Amino acid sequence: MTTKFIKGNEAVIIGALYAGCDAYFGYPITPASEIAHAAAKWFPSCGREFLQAECETASINMVYGAASAGALAMTATSGPGFSLMQEGLSYMAGAGLPAVVVTVMRAGPGLGNVYPEQADYNQAVKGGGHGSYQCLCLAPANAQEMCDLTIEAFRLSVKHRTPAVVLADGLIGQMMETLTLPEKMCERPDTTSWSVQGTAKTRPNLITSIYLDAPTQEKFNIDLQRKYATYTEDVRSESYLTDDAEIVLIGYGISSRIARTAAEQLRKEGIRAGVFRPITLNPFPTATLAAVLDGRKALAVELSAGQFRDDALMHLARDAKQYHDIPLCHRMGGVVVTVDEVVAAAKKVMGR
Amino acid sequence: MKEIKTVGMYETFDRSGKHTRATHYCAGCGHGIVHKLVTEAMVELGLQDRTVMVNPIGCGVFGYYYWDCGNIGAAHGRAAAVGSAVNRVRPDAVVISYQGDGDLAAIGMNHTFQSANRGEHMAVIFINNAIYGMTGGQMAPTTLVGMKTKTSPFGRDPLTMGYPIHVCETLNQLRAPVYITRVSVADTRRIMQAKAAIRKALEIQRDGKGYAFVEVISPCPTNLGLSPVKAAKFCIEQMEQEFPLGTLRDNTAEATPRAAPAPKPTPQEYFESGETALPPATVDPGFKELRLKFTGFGGQGILSLGICVAEAARMERRFTSWYPSYGPEQRGGSAQCSVVISGTPIGCPAVDHPDVLVCMNRPSYERYIGDVVPGGLAIVDSTVPLEVKPPEGVRVVQMSAIDLAIELGVPKAANTMMLAALMELGATGLKPEHLQSALDASFKKKPELVEKNRALLKEAVNWLKEHVGNPR
């Protein structure tokens, strides 16, 4: 068992290599640049392709090209770059192409700053480009998951022939932790039936997202929605100290870790707090969350204006007929919510 | 009548209805001719199976209804980026990017320029008809001065709309392209020249020699509002004035085919050989979590000091996290990092209330000293005046890190001095030999400094024994 003490950003590339990723296309941006640095060094060292693109639009379209040719490809970026990539993500969703995009969220809108935020939730989870599509979305909370969920993102993206987003934040990307390397390489998927490789066998294949005939385009959309409905079998989440909890803190990524420490603190102060954290944001772990909450008090913790809380509420109300509102403990603009703030907010919810 | 079997194009072009050989192009349009020339070159060179055609957005969007080869539809302007990637993951593929003037020279100009500059292995066929076709006759980057279009209804005024872009001439400024030429399909003689050029561009791909660019002046009667004959005449008489035909560069003879890549290790071989790795952390709920914060100016080695402590904790199989300040902060001004050492998986990696605070400058002392928990320890450089009182129950030790490092002749080693203080004061609870090993390991890339820093560490410990006395 080999371990490495590395940044979350670097762990992404180890995961990508073990997943069998053939090519990385990227453009520098803080706080995601270490992913490109690691790829620039480790991809060629393992005989894989690395290319620094001229912009994020190029990066994502290169990913589109490599995926069209049946290769496993990825890119990584942060907010401003992720916005530019939405065009390509929509095309990939439309053309049925697997690929992985890692976005390490920073504060916005606009240029914002490079400190951690979680405000690109909707863009990543709901499909930030044009059309009725959505990306698979996984939310790592530590260096190990930056690696493991990158591997899982490739697996799911190939399985469903659609792009997958690994939604991290500046804190998870920049911090160093111990990574245990994956035990084995992933098996190479066979893409010959649909990809365009420049071979006799793949000559009849076509990659496109155009259906000029409206009913045909509608059918494609209906099929897409059907496909999305099957994602629930890949749902993942983690519950911590929730069995006897009187209040459940909900959050993903870095927020879930702050909530974890806050829950431990609250228990010391006599409040039985637990934490629920979605690991997949799309598919959203609605059933598990509903079962964990079960009418108990809840508090959402996030580094954004409530995008995550609102989505959780939408899922709970629509699919589990639970909850009209959940209070929010949040900070924005690159200010990281503190354990003290979460503890105080939870006490307020509990009326203590 | 004898049936002639089609090769390189599909039997029927279903774009315009089942079982027809009619294209979707207007009468007199140059696209159909260029499609045929590309097909002929592909077939004559035996490249049909190897060819990956990247179709654009524009009138050429439906190329895949005609070309019997692998086809990819790219987003508007992105064909050059898409094609670049295809060849990089399929080096045996013959990649053709087929693009019009709006696609290639307006929205996609940067991708065109950058892919040419990288010398991507790709043949680019550039249809220049001086106007947008599919969207209905708007001004193109190659629209001639004075030419009226839907978006230049009073004629293209170069003072406000710029001049026609000369793509071949622009790309000819770059070193990497192998072949750059401009041809026309406005009459038979020109079509024959165009065919030779397209064939050459594909030969360059067949031989793995690099980037080839063929601009084709092509008539668009519909959007020019001209008859097919007059549109062809416009190409010859007016477009060629602006865009002279001819080969700007042909380095085919000198260009060398790309070499096959050398074999490389697998990720397992690459990451799991050589150095012995530390074992993963073990769960030890009885261990009291220790939260440390290291603060100072950028360049004082604050971040590497934190890593050193974290690595030592890993040697004792503790859960460990290290979280730095980053971005512009890292490149000047203040620097700080948080280290958490725990017996269980770590929650919040940011340290708001440190058990141990290390301060290497005055601003960080004044900013963070109030956060230290009762019973905690602050190690502060002796250049920092302790005007701000520490909270009740916090021990403050002053360590001559900066001055001692200067005195010992290694001003950059002030962080090693601080490590000595952490070690001597037992501040981390970690074994001194582990902190020592972690320090050694931090100079993995500069082994000549290992001995030097060991000596410095020893000097600092001696200084502490003399000036601070017993560890707590």
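**Figure 1. Strand 9 of chain A (residues 176-180) pairs with strand 9 of chain B in the antiparallel sense, over two bridges.** Met176(A) stands opposite Trp322(B) of strand 9 of chain B. Two strands count as paired if DSSP finds at least two bridges between them. Helices (H or I, at least four residues) and strands (E, at least two) are DSSP runs, numbered from the N terminus. This is a predicted model: local features need pLDDT of at least 70, side-chain atom pairs count only at pLDDT 80 or more, and totals for chains, interfaces and linings use all residues. Residues are numbered from 1 along each chain as its sequence is written, while chains are lettered from A and ligands numbered from 1 in the order in which they are written.

**Figure 2. The contact between the chains takes 64 residues from chain A and 58 residues from chain B.** Two residues are in contact if their C-beta atoms, placed from the backbone, lie within 7 Å. On the side of chain B that touches chain A, the elements supplying at least two residues each include strand 1 (51-55), strand 2 (70-73), helix 4 (109-117) and strand 9 (319-324). Helix 2 of chain B gives the most to this side, with eight residues. By class, this side of chain B has 32 nonpolar, 15 polar and 11 charged residues. Ala, Val, Leu, Ile, Met, Phe, Trp, Tyr, Cys and Pro count as nonpolar, Asp, Glu, Lys and Arg as charged, and the others, Gly among them, as polar.

**Figure 3. Domain 1 of chain A (3-191 + 205-233) and domain 2 of chain A (237-349).** Domain bounds come from an automatic or database domain assignment. The C-alpha centres of these two domains of chain A lie 26 Å apart. In the contact, 25 residues of domain 1 of chain A meet 24 residues of domain 2 of chain A. Strand 8 (163-169) and helix 8 (170-174) of chain A are among the elements that give two or more residues to the domain 1 side. That side has 18 nonpolar, five polar and two charged residues.

**Figure 4. Five strands of chain A form an open sheet with mixed pairing, in the order 11-13-12-15-16.** Strand 11 (237-240) and strand 16 (328-330) of chain A are the edge strands, each pairing on one side only. Strand 12 (residues 247-250) and strand 15 (residues 297-302) of chain A run parallel, joined by four bridges. Ala300(A) in strand 15 of chain A is the bridge partner of Ile250(A). Helix 12 (residues 307-320) of chain A lies across strand 12, strand 15 and strand 16 of chain A. Helix 12 runs at about 140 degrees to strand 15 of chain A. Axes are lines fitted to C-alpha atoms, for helices over the stretch in contact, and angles run from 0 to 180 degrees between N-to-C directions.

**Figure 5. Helix 10 (residues 254-268) and helix 13 (residues 339-349) of chain A pack at an angle of about 55 degrees, with their axes 9 Å apart.** The two helices are therefore oblique to each other. Angles under 35 degrees count as roughly parallel, over 145 as roughly antiparallel, 65 to 115 as roughly perpendicular and the rest as oblique. Among the residues making the contact are Ile258(A) and Leu266(A) of helix 10 and Val342(A) and Ala346(A) of helix 13. The contact residues divide into eight nonpolar, two polar and no charged.
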